Amino acid sequence: MLPTAQALHRIDPDQCEPLPDNSPFHSAAMARFSAQTRNVALWTDTQRLQSLIDALDNLASDGLNPADYHTEALTHALGHLKTWGQLGKCDIRLANDAYLRALADLSYGKARNLEAQSIWYSANIARIEDPGRLVKQAVKGLDNLARAIARARPESPRYRHLRKGYAQALESLPEAWARIPEGPTLQVGDDDDRVPLLRERLRAEGYLPSPPVPDRMATRFDTALALAVEEFQRRHSLADDGRVGSRTLQQLNISPQRRLEQIRANLERLRWLAHDMERTLLLVDIAAARLEFYADGELIYRGRAQVGKPRRATPELKSVITHVTVNPHWNMPRSIFLRDALPSIRNNPFYLSERGMRVYDQEGNELSQSEVDWSNPLGLRLRQDPGPGNALGQVAIRFSNPFAVYLHDTPSAGLFESQSRFYSSGCVRVEDAMSLTRLLFRHAGPDLQQRLESAVASGESKNVHLSRGVYILMAYWTAEADASGRITYRPDVYGSDGQLLAFLD
């Protein structure tokens, strides 16, 4: 715990308490900033120091804790400055640290150096945080600290909208709301003692108006209540059937405090992602199981996806799409072979032939099913031929990564109708993947486009390379807001919100 400013005045300047973050990036920024401003009276101007404290207090609107930026010590230092007209060197160091820390945390994310960030970057686009750029931004902003810190916030609409939603939630959410006990699914026509609690819960968040007179049918689940439940379900990424089953009940019973924490976690995620949102980008929104393709900043495609099950989560990464494989073979991963296919092969002698699967040994020689000892299937590789039943469908979209994942078509089209689309073993299944593939080739010359179409029509497995790579970002966030600040929540299927909050705090 940092000492108060009064305590800092009583110790030698060379014995100031160590700062909480000694990362190479922060240390380099501090050294450069101190060198550039050594002969300038920065914080001995009471108005400037007060402006810094006010700007730091306003970080609460970003889900950050102002206390992490020495606001208590700086407030004491300001009082000393007003009384005695001077600051100790340790106070100046704290002010420098708080200012640079606020700029860096808004620009890159507070938990960026705490091993909380799980996004993998391909080597040619690895992020490099430049302390020199941060210091330049800090020096330029000294004349208007509030504006400097405001400009450090991500400019993306996603961040601005969620920040607005967080401010509204801080104002509107109650300390607590009614908790609804478990029980049978509630639906229109039911008469249940839990219905009054359901009404109270929905009114607490504005889904139902308060009645002008006591409701004599309070225990009756009526149509108006069902409509309110449907709206709640849409805002919480649930199937909007107007019925209160286990999933809806679980979301209803999440406390207001946990909702605020969920928003805080996602503001941090969006700070991480701010520098990754290229103007031309294929964005895989993992938690929502959807894709968005931006061309020169314009959204030109939005589609549904199927992503990894919780125990086989789709990884977060940023890479470059280089080519597609049309009419792909599917090499069954060893994990899927052992967990899923092998038990079925042992029980069904036609399992492989029904699925167009071939068996190969370690040297690549094809084996007949009868040649294999299925009780001890070592060194085998299963490959599925191209065709309508192929697990990858008509096309696979390729990009470098260490997880062996890619985007692909799928014959399991019916699963796209599900609200919660966590079905895959890590790869991303794309609805109408050929339409997305053609968009990736939209600026290719006519010869390359024709090569793509000819490869598709051939029925043979072929790679077709893009003339220019396209960035792909696969990321996970569980809350976002529209321009009015209206927040949509997603269930934290991968359970990562809590871990991130622990790092953030």
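Predicted model: local features only at pLDDT ≥ 70, side-chain atom pairs only at ≥ 80, totals over all residues.
## The chain as a whole

Let's start with the big picture. The chain has 505 residues, and 49% of them count as buried. Its secondary structure comes to 17 helices and 16 strands. If you follow the C-alpha trace along its principal axes, the span is about 90 × 65 × 50 Å.

## Salt bridges across the chain

The model holds 33 salt bridges. One of them pairs R158 with E292, whose closest N and O atoms are 2.8 Å apart. R158 belongs to helix α8 (residues 157–172) and E292 to strand β3 (residues 290–295), so here a link joins distant parts of the chain, 134 residues apart. Buried or exposed? Both R158 and E292 are buried.

Another salt bridge runs between D505 and R264, with 2.9 Å between the closest N and O atoms. D505 sits in the segment after α17 (497–504) and R264 in helix α12 (residues 256–273), so this pair ties together parts that are 241 residues apart in sequence.

## A network of charges

Strand β3 turns up again in the next pair. The side chains of R290 and E480 meet in a salt bridge, at 2.5 Å from N to O. Since R290 lies in strand β3 and E480 in strand β15 (residues 479–481), the pair ties together parts that are 190 residues apart in sequence. E480 has a relative accessibility of 15%, so E480 counts as buried.

K136, K140, R147 and R151 form a positive surface patch. Helices α6 (131–140) and α7 (145–152) are the elements that each give two or more residues to this patch.

Take K140 as an example. K140 is part of helix α6, and it counts as exposed because its relative accessibility is 68%.

Q306 is found in strand β4 (residues 298–308). Why does Q306 count as buried? Its relative accessible area is 0%, and buried means under 20%. The side chain of Q306 has polar partners: it makes a polar contact with the side chain of R429, at 2.7 Å. A polar atom of the Q306 side chain also lies 3.1 Å from the backbone oxygen of S412.

T437 is the other residue to look at, and its place is in helix α15 (residues 433–440). T437 is buried as well, with a relative accessible area of 0%. How far is T437 from A396? The two are 41 residues apart in sequence, and their C-alpha atoms are 8.9 Å apart in space.

Technical notes:
Residues numbered from 1 in each chain as written. Heavy atoms only, no water. Patch = residues over 30% accessible without salt bridge, like charges linked within 9 Å, V, L, I, M, F, W, Y side chains within 5 Å. Areas by Shrake-Rupley, 256 points an atom, 1.4 Å probe, with all protein chains shown as cover. Salt bridge = Lys/Arg side-chain N within 4 Å of Asp/Glu carboxyl O. Lys, Arg positive; Asp, Glu negative; His and termini not counted. Charge placed at Lys NZ, Arg CZ, Asp CG, Glu CD. Helix = DSSP H or I, 4+ residues; strand = E, 2+ residues; numbered from the N terminus. Buried < 20%, exposed > 50% of the residue type's maximum accessible area, 1.4 Å probe, protein only. Polar contact = N/O pair within 3.5 Å; in protein donor to acceptor, adjacent residues only side chain to side chain.
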